[in-house]
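Colleague: Could you take me through this model? I would like to begin with the charged pairs and then turn to the domains.

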Amino acid sequence: MIDVFFTPTPNGHKVSIMLEEVGLPHTLIKMDMLAGDHLTPEYRQVNPNGRLPAIVDHDPIGGGAPLAIMESGAILLYLADKTGKLLPEDPRARSLAQQWLMWQMASYGPMQGQAHHFIRYAPEGQEYPVERYRKETVRLLNVLERRLSEADYLAGEYSIADIAAWPWTRAIRAIDLDLADFPATESWFEKIAIRPAVQSGTGVKNASNLSSARPVLTEEQWSNLFGDNLHESARAAAEKAHSERKPA
Ligand SMILES: N[C@@H](CCC(=O)N[C@@H](CS)C(=O)NCC(=O)O)C(=O)O
């Protein structure tokens, strides 16, 4: 059994979709980020970075004690390893899957994540970062569009690279971008959206239904997501670990 520390965001959906695709039994532990569930010392034992998602595999590859894994890309690689599914065997296709997975983890997710922050959460009127991150997201969508114009899937066949990029492509609607401007990406998106594992992993039949409303947060919720509570939890964890360090 695998515990999934889960929130229904693009990074969370990568893992819930993957687990449905490979058919591994799992328990979703719903974490309320607004309430600061991710800031506790207990959760930091699972994910030292204090972010979501993370998993704990109680029956890990190689046996032994339960294994905690952070970072959605590392989780996808681990689950592919564990099941022998969705990471091609062929060395070229395997490398392509890894390349596009790293591209999503290093660029497509983080740049778009910043666009979401400045468009939907930061104080309004900050034109430069809004323009910078929305344009960077459009650039990355053009990179995706080029690739998907020459191949049906990112690695040639459906793989963890598509599972990583799909939820972030779904999210562009919330920053007022239109998938219709990227036709090859749109047809790839629709093809994946009707997969049963994607529908059960996201809990929705219509992947296009994604709100772009600007959330209204209390001060406490803001602090848990972006402010002092978030930063203090990381500082306190480092201080505690330092004070418990054994002399060399
Ligand atoms: N690179 C990480 C990013 C994780 C991440 O930033 N997750 C967001 C939710 S999608 C989060 O935990 N936000 C809470 C916070 O920033 O404190 C991954 O792919 O797992």
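**Salt bridges and domain contacts**

Modeller: In this predicted model, Glu 21 and Arg 195 join their side chains in a salt bridge, at 2.8 Å from N to O.

Colleague: Where in the chain do Glu 21 and Arg 195 lie?

Modeller: Glu 21 belongs to helix α1 and Arg 195 to the loop between α7 and α8, so the pair links distant parts of the chain, 174 residues apart. Glu 21 is buried, at 17% relative accessible area, whereas Arg 195 is partly exposed, at 25%.

Colleague: How many salt bridges are there in the whole structure?

Modeller: The search finds eleven. One of them pairs Lys 135 with Glu 131, with the closest N and O atoms 3.4 Å apart. Both residues lie in helix α5, four residues apart, or about one turn of the helix.

Colleague: Changing topic, how is the chain divided into domains?

Modeller: Domain 1 comprises 2–85 + 212–244, and domain 2 comprises 91–200. Their centres, taken over C-alpha atoms, are separated by 21 Å.

Colleague: What area is buried between domain 1 and domain 2?

Modeller: About 2100 Å², with carbon and sulfur atoms giving 67% of it. Ile 17, Glu 21 and Arg 214 supply 28% of the area that domain 1 buries against domain 2, more than any other three residues.

Colleague: How many polar contacts and salt bridges are counted there?

Modeller: Between the two domains there are eight residue pairs in polar contact and two salt bridges. On the side of domain 1 that touches domain 2, α1 gives the most, with eight residues.

Colleague: Lastly, which residues of helix α7 are buried?

Modeller: They are Ala 184, Thr 185, Trp 188, Phe 189, Ile 192 and Ala 193. Seen down the axis of α7, these buried residues fall within an arc of 165 degrees, so they line one face of the helix. Their cover includes α5, α6 and α8.

Conventions. Residues are numbered from 1 along each chain as its sequence is written. This is a predicted model: local features need pLDDT of at least 70, side-chain atom pairs count only at pLDDT 80 or more; totals for chains, interfaces and linings use all residues. Side-chain values use heavy atoms; hydrogens and water are left out. Buried means under 20% relative accessible area, exposed over 50%, partly exposed in between (1.4 Å probe, protein chains only). Helices (H or I, at least four residues) and strands (E, at least two) are DSSP runs, numbered from the N terminus. The arc is that of the directions from the helix axis to the C-beta atoms. Contact means heavy atoms within 4.5 Å. Domain bounds come from an automatic or database domain assignment. Buried area is the accessible area (1.4 Å probe) that two parts lose on being put together, summed over both. A salt bridge is a side-chain nitrogen of Lys or Arg within 4 Å of a carboxyl oxygen of Asp or Glu. A polar contact is a pair of N or O atoms within 3.5 Å; within protein, one must be able to donate a hydrogen and the other to accept it, and residues adjacent in sequence count only if both atoms are side-chain atoms.
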